[in-house]
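Keep your viewer open and get ready to select residues as we go.

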Amino acid sequence: MSTAIGRVLAVCVLHAELEVPAKSSKVGRTAIDKRPVPHRVPVRTLGLDGDHVCDTEHHGGSHQAVYAYAEEDAARWAGELGRELAPGWFGENLRLSGLRVSDAVLGERWTIGDTLLEVSAPRVPCATFQWRTGEPQWVKRFTVQADTGAYLRVLTEGAIAAGDEVRVVHVPAHGVTVRDLFTGTDPERLDTLLAAEPTISDDVRMQIDRHRRRHTAAADR
């Protein structure tokens, strides 16, 4: 299977670290300010050259090496917020078009340029994201909408540039999507993910466990 269904509109890396109020970040700084770059960017196991994270306890690592967000979702938010949301506004590394990023199947694999990337997790909004956007109740609104975008794991290093095609080369049969994991409405279905994708991260396993405990508590009421 190899289907060209998307395209890279922009590749974004760190523009500048920002100081964050203590109530929004334990580390006091953030690397969420991503901006597009005009050149082809090397992609390594831990992310894009020229990019990094500040809060390494909650962000980064091989399972959160690259963050992708769909142009279609960004356009919907732009209409709701009444403002332009340029590539990098969500802190994403890749702004993609033609691909339902938040509904990609976990473990789905994409080739972009000469890289091979694997969909690994949803983005979970945090207080720093809320502070950066300046939008009231942003975390709640982002959570309710569940257009989270997707973190990607780098299976084959290479380089990516704006204009590259996104080709889907593998879709796991379990069918559990990024949105399914984020919303957690069907914990039993998430259990199939545990069996089918042994390489999922500890963070994803904890997300599944939290959903299971939440549903168990609701059933006991």
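Two rings of Phe, Tyr or Trp (for Trp, the six-membered ring) count as a pair if their centres lie within 6.5 Å. By this rule, the predicted model holds ten aromatic pairs.

**Stop 1: two tyrosines.** Select Y67 and Y151. Their rings make a tilted pair, with 5.2 Å from centre to centre and 40 degrees between the planes. Now colour the strands: Y67 belongs to strand β7 (residues 66-70) and Y151 to strand β11 (residues 150-156), so this pair links distant parts of the chain, 84 residues apart. Are these two tyrosines buried or exposed? Both Y67 and Y151 are buried.

**Stop 2: two tryptophans.** Next, select W77 and W138. This aromatic pair is tilted too, at 4.6 Å centre to centre and with 55 degrees between the planes. W77 sits in helix α1 (residues 71-81) and W138 in helix α3 (residues 138-145), so the pair ties together parts 61 residues apart in sequence. Residues under 20% relative accessible area count as buried, so W77 is buried at 1% relative accessibility, and W138 is buried at 0%.

**Stop 3: the cluster.** Select Y67, Y69, W77, W89, F90, F129, W138, F142 and Y151 together. Ring pairs link these residues into a cluster.

**Stop 4: charges over rings.** The charged end of R76 sits over the ring of W77, 4.2 Å from the ring centre. R123 lies over the face of F129, 3.7 Å from the centre of that ring.

Note on methods:
Residues are numbered from 1 along each chain as its sequence is written. This is a predicted model: local features need pLDDT of at least 70, side-chain atom pairs count only at pLDDT 80 or more; totals for chains, interfaces and linings use all residues. Side-chain values use heavy atoms; hydrogens and water are left out. Rings of Phe, Tyr and Trp (its six-membered ring) pair if their centres lie within 6.5 Å; planes under 30 degrees apart count as stacked, over 60 as edge-to-face and the rest as tilted. Helices (H or I, at least four residues) and strands (E, at least two) are DSSP runs, numbered from the N terminus. Buried means under 20% relative accessible area, exposed over 50%, partly exposed in between (1.4 Å probe, protein chains only). A charge sits over a ring if NZ of Lys or CZ of Arg is within 6 Å of the ring centre and within 35 degrees of the ring normal.
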